[in-house]
Each structure stands twice: as structure tokens, then as C-alpha cells.
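Take a walk through this model, one site at a time. Keep the sequence and the coordinates side by side as you read.

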Amino acid sequence: MENLKREAPDPTPASGEKPALHPGGMRKGIGQFAVESGLITEQQLSSVLREQEKSGKPLTDLLQERYGVGAEAIQYLLAREAGIEQVDLSKVAIEREALDKVPCEFAAERKLIPISLSQNRLTVAIANPFDLATLDQLQFMTRLYINARYAPESKIMEAQERHYGAGLKPAKPAAQETYSKLHAGEETVGPHVIRLVDAMLGRAIGEEATDIHIEPEEKNVKVRFRIDGILHLRPSVAKPLQPAVVTRIKIMANMDISENRLPQDGRIGFAWEGRSYDLRVSTFPTIYGEKVVLRVLDKEKVVVGLEKLGFSPSGQVVFEKSIRRPHGIILVTGPTGSGKTTTLYSTLAFVSSAEKNIMTLEDPVEYELPGIQQSQINPKAGMTFASGLRAILRQDPDIIFVGEMRDPETVEVAIRAALTGHLVFSTLHTNDAVGAIARLLNMDVNPSLMASTFVAIVGQRLVRKICPQCKEAVVPEKSLLRVAGLSGAGNRDAVAFYRGAGCSNCLETGYRGRIGIFEILAVTPSIVQLISQRSPGQDMLRTAREEGMTTMMEDGLDKVKRGLTTLDEVIRVAYQA
């Protein structure tokens with residue numbers, strides 16, 4: 001889905017003329033426009049400006065109080081000062097195709113009327129072109145760029161009567177209450193809310209967002225998409241629509257719409273443009289209403305070839321050699337959102353075959369993998385990682401995936417599984433590969449057993465890739481070069497650095513997609529000896545590097561030199577002081 005942006009009020013009129021200027025070069029203000037429009041005289045303007053200087057009141061308020069300038073005229077002056085084009089609805093040919101894009105009830109309530117539709121742009125006349133909440137909501141509903149033009153409210157109402165005709169319903173005085181008194185059926189959510197939610201989900205999928213955040217605030221509802229690991233603001237939802245939007249999502253996720261005081265979880269199967277997506281939904285009560293977060297799960301993107309994950313050629317050789325072992329433990333470490341699930345699901349798909357019995361124990365099962373028996377822990381029912389792993393060992397597995405090494409008991413059972421001839425994959429939340437050993441030793445895991453069962457520990461992060469459409473050469477800041485150890489003259493001359501300038505392909509961010517940076521700690525005889533001796537992590541890292549290990553920072557810098565990512569992105573993700 002293409003990138004949609006609301007057209008913000010532009011200080012330059014659509015006619016191409018620049019806003020009017022005083023002879024001295026300064027832009028005219030509301031007062032001068034009021035004089036030119038015949039609403040007040042020059043003398044009255046001088047008088048009201050003096051009064052404004054003394055009282056500090058807004059000029060628009062004084063114009064209304066002193067000279068009876070009406071609200072409609074004030075709106076006209078504000079629009080003219082901002083350079084927003086005014087349209088004469090009695091002379092404009094309003095297109096039926098444009099009218100069909102906006103429900104007449106919504107148009108009446110928000111005092112607007114669609115004028116024309118050109119490709120993906122909808123031009124509307126609106127009585128308050130500064131009502132950004134309405135323009136944002138209109139964009140969500142229609143999935144079109146919105147060009148706002150000013151027209152007086154009286155003229156908009158006349159045009160609505162002419163063009164919407166009998167279908168026009170007057171705006172309800174208590175329109176906000178219609179969304180605060182919802183009952184338990186989908187019929188309580190209007191069609192425009194259904195379209196709004198669908199458009200929001202579709203836009204997130206089109207922009208390849210991994211998470212959608214719907215965050216209530218005092219006066220509006222903020223919407224943010226997490227794209228390539230970074231949250232980006234998107235058009236907000238009007239506050240009156242908050243209960244209806246949350247209710248619509250809860251209905252889709254089979255959640256309890258009458259409960260808004262406790263957190264809830266649910267799932268949505270959502271089809272968009274011929275493809276199916278799984279959405280994991282979480283609600284959380286806040287002082288301004290329920291916050292909703294939706295995780296977008298795309299099965300086609302979680303299982304990729306090992307060569308697409310981002311391993312260096314030498315790193316991939318080490319990793320493939322490790323996962324072909326008949327037994328042992330392979331850990332993938334990193335913080336939440338570092339790509340561990342993608343790495344392990346891709347690995348399971350790589351080693352899967354008809355001759356092997358592969359079983360998983362996850363929390364939760366995020367994606368369904370064909371040919372693999374997957375199960376989800378249920379602590380309330382007594383099925384923890386440790387108890388589930390014991391049960392799996394009675395299922396004659398060849399390969400086991402344990403979602404996380406959360407406690408000493410799980411680690412102990414995993415080690416026993418490895419000692420009895422099983423290959424075990426799991427994850428651990430640590431900053432780097434060497435840090436995993438220290439974490440396990442702190443769990444009182446027997447170092448001799450650990451040394452004899454662990455095959456490899458992978459540390460990873462995700463960095464954003466430079467957008468190929470707007471890639472350009474750049475000279476990085478000297479401070480970044482110093483942090484990366486590239487401040488020498490020879491290094492600066494030998495390396496070409498790039499960035500993305502920003503374009504529609506990357507949503508103006510300069511980045512498109514992500515790639516992993518890795519470090520692989522192979523548990524060699526030297527490392528086995530150090531683990532058994534409980535040696536410090538610095539000693540293990542030094543020995544591993546002497547044996548050819550590449551750190552995440554070094555792997556990231558290699559991707560910088562290859563023009564895949566930026567220097568500041570690698571430092572942001574992988575630098576450890």
C-alpha cells in the first residue's frame with residue numbers, strides 16, 4: 001500500500017501565488033486582510049492593534065468584540081493568512097466519484113464536502129481547514145491523500161443539500177455520545193469506523209510495520225507504527241471515535257468489549273490485498289482509555305533462507321556447521337526485537353526433513369511452521385518451559401526448540417536433553433554471546449555440563465538497510481568515526497560511506513528493511529576450558545577473537561563498508577562503551 005500523507009495547510013495557495021506581502025517584505029496579517037475585505041477600516045485596524053498591544057488578547061477576538069466580525073469571516077481571514085485556497089462552491093463542478101468516497105453523515109457532521117478526485121488525491125472544501133483530526137480521519141477512511149480547501153460553512157451546507165440530496169442527515173448534537181454508549185454487538189460500530197480500522201491495518205501492512213500502537217491521550221488518540229524497529233507517528237484518530245475504534249478491534253480479536261479495566265490479549269486473522277496476516281492484540285488500561293498494540297505477523301517474512309539473514313560468508317559456515325551437529329545446545333541471544341525468532345524459525349525450516357521429529361515449546365506460538373510440531377506453554381495449567389520440555393523428551397524428538405531459557409530448571413532439563421542425544425535450540429536475553437555464559441553461570445548452572453553440551457552461542461541485532469532508491473555518498477561526522485575506530489586518515493580514505501536521502505520508497509526515512517549483524521561464539525576446546533574454570537568474560541572474548549570470531553560491531557562495520565547500512569545505525573544498535 002502506498003505511503004499516505006495528509007496534505008498540511010500550505011502557506012502557498014494552490015494557484016501558485018505567494019501569500020501577499022507588505023511593501024516592507026513582511027507577510028500581511030489578519031488585520032490587513034480584514035481591511036482589504038471591507039470588514040474594518042484602516043483607522044479601526046490601528047485602534048484594535050493598539051488595544052491588542054495593551055491587553056494581549058488575540059486579534060480575532062478583538063475583531064469580533066469591537067466590530068462584530070462574525071465567526072465565518074474570522075475563519076476566512078485565518079485561512080487567507082495561512083495561504084489556504086478558498087473555493088467558490090457555486091462555481092465548482094463537484095464530481096460524483098469524489099462524493100461517493102465520503103459518507104454524507106460524516107460530511108454533514110464535519111462541515112465539509114468532497115470536490116474532486118484525481119488519482120490518489122481527494123480535494124475537499126471544509127469550513128475549518130485547520131481541523132487536523134478530521135482531515136486525518138478522512139485520510140484513514142478513504143486511503144487517499146487529502147487536499148484541504150476553505151469554503152464558508154453556509155456555502156458548504158448549501159452544496160451538501162444540492163449534491164447529497166435526500167441522503168443527507170443533519171449532524172446529531174450529541175454525536176460524541178453515540179460512541180460512548182456501545183453495546184455488545186458489531187452493529188454498534190458504524191461502517192465508517194470499520195473502514196477506518198481496516199484502512200489503518202492495511203496501511204500498516206503496506207508500510208511493513210511490525211507493530212501498531214493506538215495510544216489515547218487527553219484530546220486525541222495517537223497512532224504510531226513501528227517500522228524497521230523505530231516508532232513513527234501516523235495520523236491520529238479523533239477522540240470521539242476512540243471507544244468505537246477499540247470496540248471494533250476487540251470484536252475482531254474475540255475479546256470482551258465490556259471489560260476495559262483489565263489488560264486483555266487476542267488474535268485477529270486479517271486478509272489484505274490477497275494475503276493473510278495474523279495480528280496479535282494487546283489492550284492495556286490507561287487514565288485516558290485503553291491503549292491497544294497490535295503485532296503484525298507475516299509468515300512469509302519470518303522464514304527466510306539462512307543466506308538472507310545477514311551472516312557473513314565465514315559466519316554462515318560456522319553457523320551451518322553448528323546446526324548440523326546431531327546433539328548439543330545452540331543459543332541465540334539479544335534483546336527483544338533483535339530478530340531471534342526469525343533466525344531460529346529460519347534455522348528450523350533449514351534443518352527440517354521427513355526423517356526428523358522437530359518439536360517446539362513457545363510463549364506464544366507466533367507463526368505456524370509446516371512439518372513441525374509446535375506447542376505453547378500454559379503456566380496456569382502447570383505447563384511451563386521446564387515441565388513441557390520434560391514431556392517433549394518422551395515424544396522421541398530429534399530437534400527441540402525451547403522459546404527461552406528463563407530459569408535454572410529449564411536450563412537443567414535442556415542440558416539433560418542435549419546429553420541424551422538431542423539438538424536443542426533456545427534464546428536468552430543478553431547483550432552479547434559471551435554475556436550468555438555469565439548469565440547461565442549466575443543461574444548456578446554446572447560449568448562442566450555447560451561446557452560439554454553447548455555448541456555455539458549467537459549474538460545478534462538488527463540494523464536498518466539504506467534505501468536503494470535514494471542512496472547517496474556522505475561524509476560521516478568525525479565523532480562517529482572515532483567511536484567506530486575509523487578516525488585514521490587511511491581508514492577515511494579507504495571507506496566510502498552512504499546514507500539514504502529520503503524518498504517515497506522509504507517513507508522519507510532513508511532506510512528500507514533490516515538486516516542482521518551477528519557474532520558467533522563457537523564453543524571450541526579453548527572456550528570449554530575457560531567455561532569450566534569460570535574465567536571472566538573478557539578472557540573468553542579475547543580467546544574467541546584470537547580463534548577468528550567477529551564481533552557484532554565488526555560485522556556491522558563490514559556492512560557499512562559494503563554500503564548496506566550507515567555508520568550511525570551500527571553505532572546506535574551495537575556500540576557498547
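**A guided tour of the model**

Glu208 is partly exposed, with a relative accessible area of 33%. That value lies between the 20% limit for buried and the 50% limit for exposed. Find Glu208 in the loop between helix 9 (191–206) and strand 4 (209–216). Its backbone deserves a look: phi is positive, about 60°, although Glu208 is not a glycine.

Glu508 can be read alongside it. Here phi is near 65°, again a positive value in a residue other than glycine. Glu508 sits in the loop between strand 17 (498–500) and strand 18. Its relative accessible area is 43%, so Glu508 is partly exposed.

Asp363 and Pro364 are joined by a cis peptide bond, with omega about -5°. Pro364 is placed in the loop between strand 11 (358–362) and strand 12 (373–376).

How far can these details be trusted? The model is predicted. The protein averages a pLDDT of 84, and 89% of the residues score at least 70. Two stretches call for caution. Over residues 1–27 the pLDDT stays under 50, and the model has 64 contacts there beyond four places in sequence. Residues 169–188 also have a pLDDT below 50; this stretch has 25 contacts in the model beyond near neighbours in sequence.

Now turn to the strands. Gly516 lies in strand 18 (residues 511–522). Is Gly516 buried or exposed? Its relative accessible area is 1%, so Gly516 is buried. What surrounds it? Leaving aside neighbours within four places in sequence, Gly516 is in contact with Leu309, Gly310, Arg461, Leu462, Asp555 and Lys559. Gln460 is 56 residues away from Gly516 along the chain, yet their C-alpha atoms are separated by 6.5 Å.

Arg464 is found in strand 15 (residues 454–466). With a relative accessible area of 13%, Arg464 is buried; the limit for that class is 20%. Not counting residues up to four places away in sequence, Arg464 touches Asp228, Ile230, Tyr511, Gly513, Arg514, Leu564, Thr565, Glu569 and Arg572.

Helix packing comes next. Two packed helices are described by the angle between their axes and the distance between the axes. Start with helix 22 (residues 552–561) and helix 23 (residues 567–574). Their axes come within 9 Å and cross at roughly 165°. Helix 22 is therefore roughly antiparallel to helix 23. The crossing of helix 22 past helix 23 is right-handed. Helix 22 contributes Met553, Gly556, Leu557 and Val560 to the contact, and helix 23 contributes Leu567, Val570, Ile571 and Ala574. By class, seven of these contact residues are nonpolar, one is polar and none is charged.

Helix 14 passes helix 15 in a left-handed crossing. Which residues meet here? From helix 14 come Phe385, Ala386, Leu389 and Arg390; from helix 15 come Glu409, Thr410, Val413, Ala414 and Arg416. This contact has five nonpolar residues, one polar and three charged.

Definitions and conventions: Residues numbered from 1 in each chain as written. Predicted model: local features only at pLDDT ≥ 70, side-chain atom pairs only at ≥ 80, totals over all residues. Heavy atoms only, no water. Helix = DSSP H or I, 4+ residues; strand = E, 2+ residues; numbered from the N terminus. Buried < 20%, exposed > 50% of the residue type's maximum accessible area, 1.4 Å probe, protein only. Contact = heavy atoms within 4.5 Å. pLDDT = per-residue confidence, 0-100. Axes fitted to C-alpha atoms, helices over the stretch in contact; angles between N-to-C directions. Parallel < 35°, antiparallel > 145°, perpendicular 65-115°, else oblique. Left-handed = near helix turned anticlockwise from the far one by under 90°. Nonpolar A, V, L, I, M, F, W, Y, C, P; charged D, E, K, R; others polar.
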